[in-house]
Amino acid sequence: MTVPVWTVGEVNRRVGDLLDIEFGRICVEGEVSGLKIHDRSGHAYFGVKDPEALLSCVCWASTLDRFRTPPSEGMKVKLYGRLKVYERRGSYQLVVDRLDAAGEGDLQAAFLALKRKLEAEGLFSPERKRVLPRYPLRIGVVTSASGAALQDVLRVLKHRWPVGRVFLWPADVQGAGAVSALVRGIERFGQTRLDLLIVTRGGGSLEDLAAFNDEAVARAIADSQVPTVVGVGHETDTTIADFVADVRAATPSQAAEISTPDQEDLQRKLSRDERSLRRSLASRLDRLHLRLQRAETSRAFSRPEDRIRQGQLDLDRLADRLRRGLQSPTERATRRLDLLSRRMQREAPDVLLAKAKHALSALGERWRRSAEPNLQKGRTRSNLAGARLKALGPKQVLARGYSIVRAAGGGPILHDAALVDGGDFLDVHLYRGELHCRVETRTLESEEETSP
Amino acid sequence: MTKEDSQKPPKFEDALERLEELVEELESGNLALEETIAKFEEGQGLLRTCTELLGQAEQKVKAVLERSDGSLAAEDFTTEDGDE
């Protein structure tokens, strides 16, 4: 049996393939030893050792940049990566793609555990999230008095929404006292009538952010009566506090931005509102004018015919009802029938109809006769409304020589002389000043004019 | 909390909401002339209030401290960088 002959390269390649298949991606725990960072390439070469053995490791410069904590000599680490064979020397090493400082992994695990727990309690649920007020005038900020985060928040607020007054609760955001300081601030501010609360700090390592991953801080935020925005660090940092917040911001600046309207937008909106107000007053007067025009045409000509037609319809219906009454089957109906037939002899439908037709044509005649003065009135009133239309506000109308008449002592504006008696006192508002008058006599409009 | 708390801030949000309401009512146009004028004037008043409030554009920052008796006190807080 012949033993196959391999080239050296083939052996190393084959070993490399086997290692990769056998191990896949692994995690190794140990201490960094013999760390060298290559001057030119920036790759890191080191060993990871435990009491028994040492394993060679390499970490490419591009990967190294992504680590939150860079490796250092003697550091306890968890390394993640794949085993690769260096073919030219037949040696193998771990190509590291992730490095966790010891304890950091524990923090990570604690973070995930707390996250799961609070999530299960429903603290992150969208239904709990409150809507932020649109125009917060009193804004509470819980953060370090000396941190860059505060400066960022104040800068944005100053530019966007200087109207909002800021109340700062100075609190350590990292270190031993951080949790209790944050909790105290959130609790105290959370019971006030502040419009909004911003809890914020700059970015940092997982350890720096520990207070924002603390259960007590999370619960304080959840219990806050005041809608709360949390903005921690740079985009990549998400803390438990972020999940509990009503609104989460990626940075302190963004927290300030999300929380406030832009005063310039608001100014523009107010001018729009003002224009709408003026426009709708003008169009109200416009419509008055149109109605008067319509009255001028329809009342004089079409309305009498309408009335006659309506009268005829009513009479037809009455006649129908009478006929239906005749067919009623019960005893009582029979009595009514007798009654009705007697009335019918006097007022048979056709007789009634003829009578009413006569009355209606007389009415129509009266309408036509009354049309002319009516028309005149309509023209005068429509001219008046037209003049009002040209001006915008009541003041301008007054400037043109019109006046507003009210019952004395701030009573309603008067439209109808019938509401005033001789001897009553009236206030007449002119463009400049007022007259206090007494009614001598009054002339009422005739009934046709005021009927609908 | 502080003495600021007792003096009620002008309800800016309410004023704006009322203003929006008035604009809508006036635009629907089903009002008598007196009402139209009254609402127009109310709207103008609200506009003045809102604009005045926006005019007070100077940022005010107070630092809040807890006294030993548990009450809160606010002090003027000046930022280190003063002018930008």
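Me: Start with confidence. What are the ipTM and pTM of the complex?

Reply: The predictor gives an ipTM of 0.73 and a pTM of 0.53.

Me: And what is the mean pLDDT of chain B?

Reply: First, the general idea. Where pLDDT is low, the predicted coordinates should not be read in detail. Now the case here. Chain B has a mean pLDDT of 75, and 79% of its residues reach 70 or more. Residues 1-9 of chain B have a pLDDT below 50. That stretch has eleven contacts in the model beyond near neighbours in sequence.

Me: Which elements of chain B have the lowest and highest confidence?

Reply: The lowest is helix 2 of chain B, residues 33-55, with a mean of 81. The highest is strand 1 of chain B, residues 61-66, at 88.

Me: What is the pattern of chain B along the sequence?

Reply: Read in order, the pattern is α-α-β-β. That comes to two helices and two strands. Of the 84 residues in chain B, 18% count as buried. Look at contacts too. Among those in chain B with a separation of 6 or more, 42% join residues 24 or more positions apart.

Me: How many bridges join strand 7 of chain A to strand 1 of chain B?

Reply: Three, and the two strands run parallel. One pair to find is V166(A) with its bridge partner V61(B). Within chain A, strand 8 and strand 9 also run parallel, joined by five bridges. There, V199(A) stands opposite V230(A).

Me: Do strands 1 and 2 of chain B pair in the parallel or the antiparallel sense?

Reply: Antiparallel, over five bridges. E66(B) has L72(B) as its bridge partner. The hairpin has five residues between the strands. In it, G70(B) takes a positive phi near 90°.

Me: How many residues of chain A are in contact with chain B?

Reply: There are 38, and they meet 39 residues of chain B. Helix 4, strand 7 (165-170) and helix 9 (263-326) of chain A each give two or more residues to this side. Helix 9 of chain A gives the largest share, 14 residues. By type, the chain A side has 20 nonpolar, seven polar and eleven charged residues.

Me: Which strands close into a barrel?

Reply: Five strands of chain A do, in the order 1-2-3-5-4, with mixed pairing. Their twist averages 55° from one strand to the next. Strand 1 (residues 25-37) and strand 2 (residues 44-49) of chain A run antiparallel, joined by five bridges. K36(A) stands opposite Y45(A). Helix 1 of chain A packs on this sheet, touching strand 1, strand 4 (76-86) and strand 5 (91-101) of chain A. Its direction makes about 140° with that of strand 4 of chain A.

Me: What does G16(A) touch?

Reply: G16(A) lies in helix 1 of chain A. Leaving aside residues up to four places away in sequence, G16(A) touches K84(A), V85(A) and E87(A). G16(A) and K84(A) are 68 residues apart in sequence, yet 5.9 Å apart in space, C-alpha to C-alpha. G16(A) is partly exposed, with 17 other C-beta atoms within 10 Å.

Me: Last, which residues of helix 8 of chain A are buried?

Reply: The general idea comes first. An α-helix has 3.6 residues a turn, so residues three or four places apart point the same way. In helix 8 of chain A (residues 252-259), the buried residues are P252(A), A255(A), A256(A) and S259(A). Seen down the helix axis, they fall within an arc of 95°, so they line one face of helix 8 of chain A. What covers them includes helix 4 (148-160) and strand 6 (138-143) of chain A.

Key. Residues are numbered from 1 along each chain as its sequence is written. Chains are lettered from A and ligands numbered from 1 in the order in which they are written. This is a predicted model: local features need pLDDT of at least 70, side-chain atom pairs count only at pLDDT 80 or more; totals for chains, interfaces and linings use all residues. A residue is buried if 20 or more other C-beta atoms lie within 10 Å of its own, exposed if 12 or fewer, and partly exposed in between; C-beta atoms are placed from the backbone. Helices (H or I, at least four residues) and strands (E, at least two) are DSSP runs, numbered from the N terminus. The arc is that of the directions from the helix axis to the C-beta atoms. Two residues are in contact if their C-beta atoms, placed from the backbone, lie within 7 Å. pLDDT is the predictor's confidence in each residue, from 0 to 100. Ala, Val, Leu, Ile, Met, Phe, Trp, Tyr, Cys and Pro count as nonpolar, Asp, Glu, Lys and Arg as charged, and the others, Gly among them, as polar. Two strands pair if DSSP finds at least two bridges between them. Axes are lines fitted to C-alpha atoms, for helices over the stretch in contact, and angles run from 0 to 180 degrees between N-to-C directions.
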